[in-house]
Amino acid sequence: MLRRGSKNDAPAAAPADERPARGVDPFDGGGLDTLAAILRAIPESGLLPQGMERDEAVARFEAWALHALVLGPVPGREEIDPLPAHRDWPAMRQFGVQYLRESASGLSRTIDSLQDVVWTVIEGVSRAVQDDAVADDRATAALERLRSAASSGAADSLKEAALTTITELAELIAQRATRQQALASELGERVGTLQEQLAEAQREADVDGLTRLANRAAIDRELKRATELRTLMREPVCLLLVDLDHFKRVNDTYGHPAGDEVLRRFSDTLSLVFPRKHDLVGRYGGEEFAVLLRNADASDGERLAARLVETTRGLRVECGAHVIEVTTSVGVAEALPLEGPEAWVARADAALYAAKGGGRDRF
């Protein structure tokens, strides 16, 4: 029979053999769920260390969340210890702290650059106001002398005062123009430098760290723009979704370093097959890539997809004593009038699955 304890009742200490042993996780299920939710939310905050892509951050934190929840392998040690007996809290803490520090460092650099420009503007305007105040005092004094000469009625003194006043006012106007031009030049130079820094940061943020192609964020942004231009300009635009065949088998057989080398070599192949600067070639996620062909219809997409399949068929990647043969499957879809990016991607994805279902190594 259970008895409701009073507020003065103290819980009895558990026998020594029932207490959690050293090294055993004291978390209950709710605590682990909360920890996993926090881990999964961190990369969604938008804070990313320099050089790390969002997809990579999401994958890393998801791996740590699975390690916390179900004792999944420690990220980076999957092959060495695929079934760990205990949760590696020190490694998890080290990864999380380092990630947040690097993210904060990148954000701090951006804020510092913006603050520098703001202070340049403030200092420049302050100098201009102070200089103009001095100039206004000189102009007021000159005009006062002219009024005094006019009141005296003496022609010679009036003429002299008028000439002096006109000369001084002209000098003040010229000095003000010179100051304003110098200030505008200085501010323009600082703003131009900041624009270059921000543009470089944007370009770096749009690049996949492994393949150096456009990343998922850049692809999604360009897909939206492409559909808007398709509706406005009615110029054809074609999307290719590209997937490496049996890539999981490569990772499982030869390891992730070999898989990364395959991705890099295949990325080089993509850049060779699609060299036009106004086309977009990017890594959509994992072993899947996307190619956005501007001013190209479905027949152009099919022709280039066939070339990609054929070129990839000849790709050989050496891995120690082994040679990995690579093939690819491609789905092709031309954007339809008034079609949104989601529907467009869905049709290309369906075409990709049809290619894989038809035996792979085809479009």
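Predicted model: local features only at pLDDT ≥ 70, side-chain atom pairs only at ≥ 80, totals over all residues.

Colleague: Which residues touch the most other members in the largest nonpolar core?

Modeller: Leu240, Leu270 and Phe274, out of 30 residues in that core. A nonpolar core here is a set of buried Ala, Val, Leu, Ile, Met, Phe, Trp, Tyr and Cys residues joined through side-chain atoms within 4.5 Å. Buried means under 20% relative accessible area, exposed over 50%, partly exposed in between, with a 1.4 Å probe and protein chains only.

Colleague: Which element gives the most to this core?

Modeller: Helix α7, with 6 residues. Helices (H or I, at least four residues) and strands (E, at least two) are DSSP runs, numbered from the N terminus.

Colleague: What is Phe274 in contact with, leaving aside neighbours within four places in sequence?

Modeller: Leu240, Val281, Val291, Leu293, Leu304 and Leu308. Contact means heavy atoms within 4.5 Å. Another core, of 18 residues, lies apart from the largest one; Ala218 and Leu280 are among its members.

Colleague: Fine. In what order do the strands of the open sheet run?

Modeller: β2-β3-β1-β6, four strands with antiparallel pairing. Two strands pair if DSSP finds at least two bridges between them. β2 (280–285) and β6 (328–334) are the edge strands, each pairing on one side only.

Colleague: How many bridges join β1 and β3?

Modeller: 7, in the antiparallel sense. Leu240 stands opposite Val291 in β3. Helix α5 (residues 216–233) packs on the sheet and touches β1, β2 and β3.

Colleague: Now rings. How many aromatic pairs are there?

Modeller: 5. Rings of Phe, Tyr and Trp (its six-membered ring) pair if their centres lie within 6.5 Å; planes under 30 degrees apart count as stacked, over 60 as edge-to-face, the rest as tilted. Phe61 and Tyr99 are edge-to-face, at 4.8 Å centre to centre and 85° between the planes.

Colleague: Why does that pair tie together parts 38 residues apart in sequence?

Modeller: Because Phe61 lies in helix α2 (residues 54–70) and Tyr99 in helix α3 (residues 89–152).

Colleague: Are those two buried or exposed?

Modeller: Phe61 is buried, at 1% relative accessible area. Tyr99 is buried too, at 3%. Phe61, Trp64, Phe95 and Tyr99 form one aromatic cluster.

How values were computed. Residues numbered from 1 in each chain as written. Heavy atoms only, no water. Axes fitted to C-alpha atoms, helices over the stretch in contact; angles between N-to-C directions.
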